[in-house]
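These notebook entries record what I looked up about aromatic rings and the charges beside them. I set out each term with its cut-offs where I used it.

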Amino acid sequence: QVQLVESGGGLVQAGGSMRLSCAASGLPFSSYTMGWFRQAPGKEREFVIAINWNGGRTYYTDSVKNRFTISRDNAKNTVYLQMNSLKPEDTAVYYCVAGRGIVGVTTVASYNYWGQGTQVTVSS
């Protein structure tokens with residue numbers, strides 16, 4: 001069984017920081033691109049950020065540039081999302097995702113496995 005388990009979400013004030021973690025099991029972690037999507041109420045799922053199998057390439061949406069950083073520890077089968085300078089519009093459920101042989105890194109269908117999500121709420 002493949003499992004992706006997110007942790008670290010919660011409530012934070014605007015301008016604050018938060019670190020999310022995603023622990024993976026049941027898959028060859030070091031062979032997979034790992035990333036994060038998010039979904040706010042009433043909106044479509046949105047690509048946020050991703051990192052390739054060896055950490056040499058990252059991809060991100062313009063709205064989080066210079067604020068969010070993704071990293072991975074292949075020895076621990078874990079990927080991290082460091083979020084700084086948070087804004088109320090960052091409020092969403094954040095999903096950890098895993099995919100292999102990806103062509104469209106920002107496309108939902110490119111990812112084989114999804115976590116259950118963790119809520120991030122940014123207050124004004």
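I counted a charge as sitting over a ring if NZ of Lys or CZ of Arg is within 6 Å of the ring centre and within 35 degrees of the ring normal. I noted that this is a predicted model, in which local features need pLDDT of at least 70 and side-chain atom pairs count only at pLDDT 80 or more, while totals for chains, interfaces and linings use all residues. Residues are numbered from 1 along each chain as its sequence is written, and side-chain values use heavy atoms, with hydrogens and water left out.

**Entry 1: charges over rings.** I found Arg19 over the face of Tyr80, 4.0 Å from the ring centre. I also found the charged end of Arg45 over the ring of Trp114, at 4.8 Å from its centre.

**Entry 2: ring pairs.** Rings of Phe, Tyr and Trp (its six-membered ring) pair if their centres lie within 6.5 Å; planes under 30 degrees apart count as stacked, over 60 as edge-to-face and the rest as tilted. Phe37 and Phe47 are edge-to-face, because their planes stand at 75 degrees, with the centres 5.6 Å apart. Phe37 and Tyr111 also form an edge-to-face pair, 5.5 Å centre to centre and with 75 degrees between the planes. I recorded that ring pairs link Phe37, Phe47, Tyr95, Tyr111 and Trp114 into a cluster.

**Entry 3: burial.** I took buried as under 20% relative accessible area, exposed as over 50% and partly exposed as in between (1.4 Å probe, protein chains only). Phe37 is buried at 1%, Phe47 is buried at 7%, and Tyr111 is buried at 5%.
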